[in-house]
Amino acid sequence: MEVENLKQLLQSRITKRYVLLTFIVVFTSLASIYYITTNVLNNSVRSEIKYRNQLMSKTIATKTSFMIDKMINDTRVITEFAKKENKLSYQGEMNHVVSKNPLYLFIDVLDQNGYSITTIPNVNNSYTVEINSIVKRLEWSKTFYISNLLTLDDGRKTFAVAYPILDEKLNYHGAVIAYVNLSTLSDYLSEGKIGSKGINLLIDRNGTIISDTTEKNIGESLSNHHLGKELSKYRSGIWEG
């Protein structure tokens with residue numbers, strides 16, 4: 001009798017509806033838990049990726065700034081040797097600096113009239129028309145100067161780190177100008193790129209690309225680069241393409 005009642009209970013519509021309802025509730029609950037968990041994990045992953053990208057960007061910027069600061073200090077040290085007017089003395093220091101740092105294309109020492117006294121490595125001096133404006137700036141500013149992108153007369157692109165030679169009364173007596181090897185600088189930038197398709201660009205004051213991980217865009221305006229077009233849509237932040 002009890003078995004027959006149990007069969008009737010299982011076959012009743014109320015029981016079927018109850019089982020179906022229970023299944024729907026359980027399935028909905030599990031689906032909701034899965035959806036919430038997935039979103040939380042995705043948000044967490046995106047947050048970590050964003051933090052990593054920000055950290056890498058700051059690291060690259062700090063490293064680049066450190067390398068430029070090192071070049072500024074190197075040129076300052078050479079000016080101290082150049083003040084002694086002992087050519088062998090500052091040539092030795094210049095050789096030491098260039099041999100230790102592949103970022104240097106070459107270093108040039110200029111006299112008070114802007115003429116080259118010596119160049120390390122001992123290569124034919126590659127003149128750039130912008131040198132006059134750099135020298136004039138050093139004369140009145142009495143401090144170091146980092147130029148925008150330059151093109152040497154042999155076609156090579158670079159930028160200059162210049163430091164004036166001053167006496168104790170701050171009178172101008174010449175300058176030490178270091179030219180940067182942009183190929184080496186681009187190699188340094190490529191070490192910290194994000195992902196296989198990531199790019200790092202270094203821009204001068206005019207918005208001209210002076211270094212990039214592929215070396216294909218050096219000399220181009222950032223406004224014409226696809227990255228520049230995307231960045232122009234935002235005032236600040238990180239763009240992910």
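G92 sits in helix α3, residues 87–100. Helices here are DSSP runs of H or I with at least four residues, and strands are E runs of at least two, numbered from the N terminus. This is a predicted model: local features need pLDDT of at least 70, side-chain atom pairs count only at pLDDT 80 or more, and totals for chains, interfaces and linings use all residues. Residues are numbered from 1 along each chain as its sequence is written, and side-chain values use heavy atoms, without hydrogens and water.

**Whole chain**
- The protein chain has six helices and nine strands.
- Of its 241 residues, 34% are buried (under 20% relative accessible area; exposed is over 50%, partly exposed in between; 1.4 Å probe, protein chains only).
- Accessible surface totals about 15800 Å², with 56% from carbon and sulfur atoms (Shrake-Rupley method, 1.4 Å probe).

**Around G92**
- G92 has a relative accessible area of 37%, so it counts as partly exposed.

**Helix α5**
- Helix α5 spans residues 182–190; L182, T184, L185, S186 and L189 are buried in it.
- N181 caps the N-terminal end of α5, placing a side-chain oxygen 3.1 Å from the backbone nitrogen of S183.

**Surface patch**
- F23, I24 and F27 make a nonpolar surface patch of about 350 Å².
- F23 belongs to helix α2, residues 13–82.
- F23 is exposed because its relative accessibility is 56%.

How values were computed
A polar contact is a pair of N or O atoms within 3.5 Å; within protein, one must be able to donate a hydrogen and the other to accept it, and residues adjacent in sequence count only if both atoms are side-chain atoms. Patches are made of residues with over 30% relative accessible area and no salt bridge: like charges are joined within 9 Å, nonpolar side chains (Val, Leu, Ile, Met, Phe, Trp, Tyr) within 5 Å. A salt bridge is a side-chain nitrogen of Lys or Arg within 4 Å of a carboxyl oxygen of Asp or Glu.
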